[in-house]
Amino acid sequence: MRLQALFFDLDDTLYPRSSGIWTGVRSRIEQYMRERLSIPARGITALRDELLATYGTTLQGLMAIYQVDPDDYLLYVHDLPIEDMLRPNARLNKMLADLPQQKWIFTNASLEHARRVLGALGVSRYFNGIVDIKAMGFRNKPQPEAYLLALDSTGLPAAACLFADDQTRNLEPAKQLGMSTVLVGTREPHPAADHSVSVIEELLEVVPGLVE
């Protein structure tokens, strides 16, 4: 089936990991756990690893165990100088302009964070919409329900959609549903990925037929 919609993860997918944004978010998460929840610093890393393995995101785990306010959490952890950390990307801009398909952001982050990142990269105008953690009802990748909600946004079957993400665990449910999958950040093959790219701008090189 011809691809009619493209879903892109946001952080460490539309921009390189070297930007430092995710490192900053991780630091803010740990600071939140210390300051808001009074969790001892020495136990935070182990607890975060456990929450990620069990719930998929730290937020989901903290909501379940500590009943945190998700809006307060999202505002706190994304409080970073995004506009100083990213610059407009001409190559990404051209690739998105050339792609005729619907284009969606599919992220476990907040809508506000996604808008700031797209604005800093100079590519906001290319996206039909953003499926963020709130739009998913605070479900998150890799929970299968999150992917079904994302697909509902397009009105298209999974086979007509492609999903690009830098995490293989997030690609696995998409592939199981029948979506085409692209692993971003390495050219190494992986069972969850139909294609692999070092950077997202290589997408047109490895996925034939995206542009006729």
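# Reading the strands, rings and helices

Tutor: Let's start with a pair of strands: E1 (residues 5-8) and E2 (residues 102-106) pair in the parallel sense over 4 bridges. Keep in mind that this is a predicted model.

Student: What holds the strands of a sheet together in general?

Tutor: Strands of a sheet pair through backbone hydrogen bonds, and the pairing is either parallel or antiparallel. In this structure, Trp 104 in E2 is the bridge partner of Phe 7. E1 also has a parallel partner in strand E4 (residues 161-165), again with 4 bridges. There, Phe 8 has Ala 164 as its bridge partner.

Student: What is the strand order of the open sheet?

Tutor: It has 6 strands in the order E3-E2-E1-E4-E5-E6, with parallel pairing. Strands E3 (129-131) and E6 (195-197) form the edges, each pairing on one side only. Ignoring direction, neighbouring strands in this sheet are turned by 25° against each other on average.

Student: And how many bridges join E2 to E3?

Tutor: There are 3, and those two strands run parallel. Phe 106 stands opposite Val 131 in E3.

Student: Are the faces of E1 covered or open?

Tutor: Both faces of E1 are covered. Ala 5 and Phe 7 sit on one side, Leu 6 and Phe 8 on the other, and all of them are buried. Strand E5 (residues 180-184) is mostly covered too, with 4 of its 5 residues buried.

Student: Let's move on to rings. Which quantities describe an aromatic pair?

Tutor: You need two: the distance of the ring centres and the angle of the planes. This structure holds 8 aromatic pairs. Take Phe 7 and Trp 104: their centres are 6.5 Å apart and their planes are at 35°, so the pair counts as tilted. Phe 7 lies in strand E1 and Trp 104 in strand E2, so this pair ties together parts that are 97 residues apart in sequence. Both residues are buried.

Student: Which residues do ring pairs link into a cluster?

Tutor: Phe 7, Trp 104, Phe 106, Tyr 147 and Phe 163. You've met several of those names in the sheet already.

Student: Why is the pair of Tyr 32 and Tyr 76 called edge-to-face?

Tutor: Look at the planes: they stand at 75°, with the ring centres 5.3 Å apart, so the pair is edge-to-face. The cut-off at work is a plane angle over 60 degrees. Tyr 32 is in helix H1 (residues 21-35) and Tyr 76 in helix H4 (residues 70-77), so that distant parts of the chain, 44 residues apart, are linked.

Student: Are those two tyrosines buried or exposed?

Tutor: Buried means under 20% relative accessible area. Tyr 32 has 3%, so it counts as buried. Tyr 76 has 9%, so Tyr 76 is buried as well.

Student: Where does the charged end of Arg 28 sit?

Tutor: Over the ring of Tyr 76, 4.1 Å from its centre. There's another example on Phe 106: the charged end of Lys 141 sits over that ring, 5.2 Å from the centre.

Student: Now the helices. At what angle do H3 and H4 pack?

Tutor: Helix H3 (residues 58-66) and H4 pack at about 145°, and their axes are 11 Å apart. The crossing is right-handed. On the H3 side, Thr 58, Leu 59, Leu 62 and Met 63 meet Pro 70, Tyr 73 and Leu 74 of H4.

Student: Where does Asp 69 lie?

Tutor: In the loop between H3 and H4. Asp 69 is partly exposed, because its relative accessible area is 42%. Its C-alpha atom is 9.4 Å from that of Leu 59, which is 10 residues away along the chain.

Student: One more loop, then. Is Pro 88 buried or exposed?

Tutor: Pro 88 is exposed, with a relative accessible area of 63%. You'll find Pro 88 in the loop between helix H5 (82-85) and helix H6 (90-98). Leaving aside neighbours within four places in sequence, Pro 88 is in contact with Ala 120, Leu 121 and Gly 122.

Notes:
Residues are numbered from 1 along each chain as its sequence is written. This is a predicted model: local features need pLDDT of at least 70, side-chain atom pairs count only at pLDDT 80 or more; totals for chains, interfaces and linings use all residues. Side-chain values use heavy atoms; hydrogens and water are left out. Buried means under 20% relative accessible area, exposed over 50%, partly exposed in between (1.4 Å probe, protein chains only). Two strands pair if DSSP finds at least two bridges between them. Rings of Phe, Tyr and Trp (its six-membered ring) pair if their centres lie within 6.5 Å; planes under 30 degrees apart count as stacked, over 60 as edge-to-face and the rest as tilted. A charge sits over a ring if NZ of Lys or CZ of Arg is within 6 Å of the ring centre and within 35 degrees of the ring normal. Axes are lines fitted to C-alpha atoms, for helices over the stretch in contact, and angles run from 0 to 180 degrees between N-to-C directions. A crossing is left-handed if the near helix is turned anticlockwise from the far one by less than a right angle, and right-handed if clockwise. Contact means heavy atoms within 4.5 Å.
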